[in-house]
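Please open the model in your viewer and keep the selection panel at hand. The tour moves from one selection to the next and says what is there.

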Amino acid sequence: MLRIQNLHAGIEGKNILNGINLEIKPGEVHAIMGPNGSGKSTLASVLAGRKDYEVTDGSVEFLGKDLLDMSPEARAGEGLFLAFQYPVEIPGLSTVNFIKTAVNEIRKYRGEEPMDAVAFLKLMKEKMALMDIEKSLLTRSLNEGFSGGEKKRNEIFQMVMLEPKLAILDETDSGLDIDAIRIVANGVNKLRNKENGILVVTHYQRLLDYIIPDFVHVLYNGRIVKSGPKELALELEEKGYDFIRNEVNVEETA
Amino acid sequence: MNDGLSTIERTVSTDYKYGFVTDIEADEAPRGINEGIVRFISAKKNEPEWMLEWRLKAYRQWLKMEQPNWANIKYGPIDYQDIIYYSAPKQKANAKSLDEIDPELRRTFERLGISLDEQKRLSGVAVDAVIDSVSIGTTFKKQLSELGIIFCSMSEAIQEHPMLVQKYLSSVVPITDNYFAALNSAVFSDGSFCYIPKGVRCPMELSTYFRINAENTGQFERTLIVAEEGSYVSYLEGCTAPMRDENQLHAAVVELIALDNAEIKYSTVQNWYPGDKQGKGGIYNFVTKRGICQGVNSKISWTQVETGSAITWKYPSVILKGDNSTGEFYSVAVTNNHQQADTGTKMQHLGKNTKSRIVSKGISAGFSNNSYRGLVHVSKKASNSRNFSQCDSLLLGDKCGANTFPYIEVRNNSSVVEHEATTSKIGEDQIFYCNQRGIDTETAVALIINGFAKEVMNQLPMEFAVEAQKLLAISLEGSVG
């Protein structure tokens, strides 16, 4: 469903991604790991269409369409979702109202009728139970005054409400305690089925104890330098990123 | 950003929806102002001698005054001799009932979304329709009069209720209060008059719709609302004007009087023509609005949504004279392109235990300039008084300006005054976040500004809140994205 080929991208003339190749098939969960500055968040941002980043080479195909040619809102309409590392606050806009607008804008994009208030509330109640989220959180202004954990749970709640085809989680585990990680993972696992793809971007292995990936990729200096099964994550945890650095440097000097 | 421009800086066009002109013959005064013109207007209205004297006194005072220049606004000199001070659409001599209103005028108001047909009106709203210098009709008069409520044009009030008018006119805004109030007193031609008798809760929203139509004219209206003991009224005004290259002057005076235990809620949705994108044309809006909480436990609340005018100079104020009285000011002022707004309020605490609350939200875009100017004055005798002020500014882009000028004077030790102010920008981050959820940029901006203005919008009567929300979004359409 997602095919990234030779993707080069950067910001303000500085290259960050130096030829990424990655394919995600329906039903697969991929994890991207890597040290700070390796380009993990850049990759997530480029896929979602953040304007600050410039793509200099390569292509990305999403469900048969040229992803890079689409506006960020069209990408969302096609079924791409990004759980932000730093969700923004919008004072005075209730979370419920925001999600309802998002749901209906995406329906509009797909040529579907807007969901009425009754149907929306029903859907919301269903998903609230799933995510163990309390109503008071949803009536508050979007992310305003939310704790780190509340923000991340809200991201995942939006994800289960929007039911994307491909979900990208950008360091969703950072700053979360173990209970919050469990709740987040639970939400993600509910989305997991034969049709959907999930891309988990993370620095640490511990989230992958709860979201078991099919593939693990190691990003270093803007390239995927190593791919493997879920055990690769454990190996990284054990040996640290230095072992990758050494391996890569050996290859490069060889 | 790929083309070197921030999305927020990109300004594209939106058309002012109400910019059309109605082609109707007008009965006009010659250009310019002098004693003869003041007499002409008074004679046109067949006014009693005391009214003419009152006007002449104002005119003579005005001649001695100077245009104020302390506001944070810039504009060229206004040629007061180049303005037409009286213009009335010609229609069959004094329409006796709403059915006799010229169909062309009726259509004008239909196009503005104001139906003068009582059957078609929102059942909860009575309207006084003012075009240029005169009121052309007031709806639901009969139903209201059964409760003893007087709701009519100012001209009619001078004829039919002279005692009330004489008692209250200029009792809150003296004729020499300021340059524009003096000018208004000399040449005002119409406006609305409301009187709510003792103990009556007005069952519907009262509203006046002001429309400038004729070219080169100024509009000078006068509104007077009196709420007797224990009464309540909610009043709303709306306004629009055609698009013209010349600036047109609008200088209104509004006076509110609340007696013991009375409450007046006054809401404005101001959408005068703001001028074009280069800042050409538009209305100069110099308005004096003031209410007095004359009686104990009385309350006056101003809510304004200001989206129009090239220049807005306006400070709806409350004199808190009665003990335990309350004054409120809720404002959203939006400026785009080259608009300038200097607006705020004055809360004058004179009585004991008086309370005031100020919530001002300024939104600036384009090359506009938006200033909040407010005074909270607590006198020596106003013990145990409280004020809370909050002034927030939201900037779209980096070519616009926002300023806050709060003045606080407290003359006793038992009162508490609090002031909070913030300035923020709509960030690319907020817009991208919305985009990523499938929400396009226009909708995202509307969500963000409506969130920002929510506290004020919540104060508007239900019938108008939705309309005002749309208006906010329209005024900024194209300023992002």
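Predicted model: local features only at pLDDT ≥ 70, side-chain atom pairs only at ≥ 80, totals over all residues.

Residues are numbered from 1 along each chain as its sequence is written, and chains are lettered from A and ligands numbered from 1 in the order in which they are written.

Select chain A to begin. Chain A holds 9 helices and 12 strands, where helices (H or I, at least four residues) and strands (E, at least two) are DSSP runs numbered from the N terminus. Its radius of gyration is 18 Å, close to the 18 Å that the globule rule gives for 254 residues, so chain A is as compact as a globular protein of that length; the radius is taken over C-alpha atoms, and the rule is 2.2 Å times the number of residues to the power 0.38. Of the 254 residues of chain A, 41% count as buried, a residue being buried if 20 or more other C-beta atoms, placed from the backbone, lie within 10 Å of its own.

Next, show chain B beside chain A. Here 18 residues of chain B are in contact with 24 residues of chain A, contact meaning that the C-beta atoms of two residues, placed from the backbone, lie within 7 Å. On the chain B side, helix 8 (428-436) and helix 9 (441-457) each supply at least two residues.

Now select helix 8 of chain B. Of its 9 residues, 7 are buried, so helix 8 of chain B is largely enclosed by the rest of the structure. Among the buried residues are B:Ile431, B:Phe432 and B:Tyr433, and what covers the buried residues of this helix includes helix 1 (40-48) and helix 2 (72-78) of chain A, together with helix 9 of chain B. Just after helix 8 of chain B, look at B:Gly438, which takes a positive phi of about 90 degrees.

Finally, move to helix 1 (residues 35-44) and helix 2 (residues 49-64) of chain B, which pack at an angle of about 150 degrees with their axes 10 Å apart; axes are lines fitted to C-alpha atoms over the stretch in contact, and angles run from 0 to 180 degrees between N-to-C directions. The contact is made by residues including B:Val38 of helix 1 of chain B and B:Leu52 of helix 2 of chain B.

Technical notes: Buried ≥ 20, exposed ≤ 12 C-beta atoms within 10 Å, placed from the backbone.
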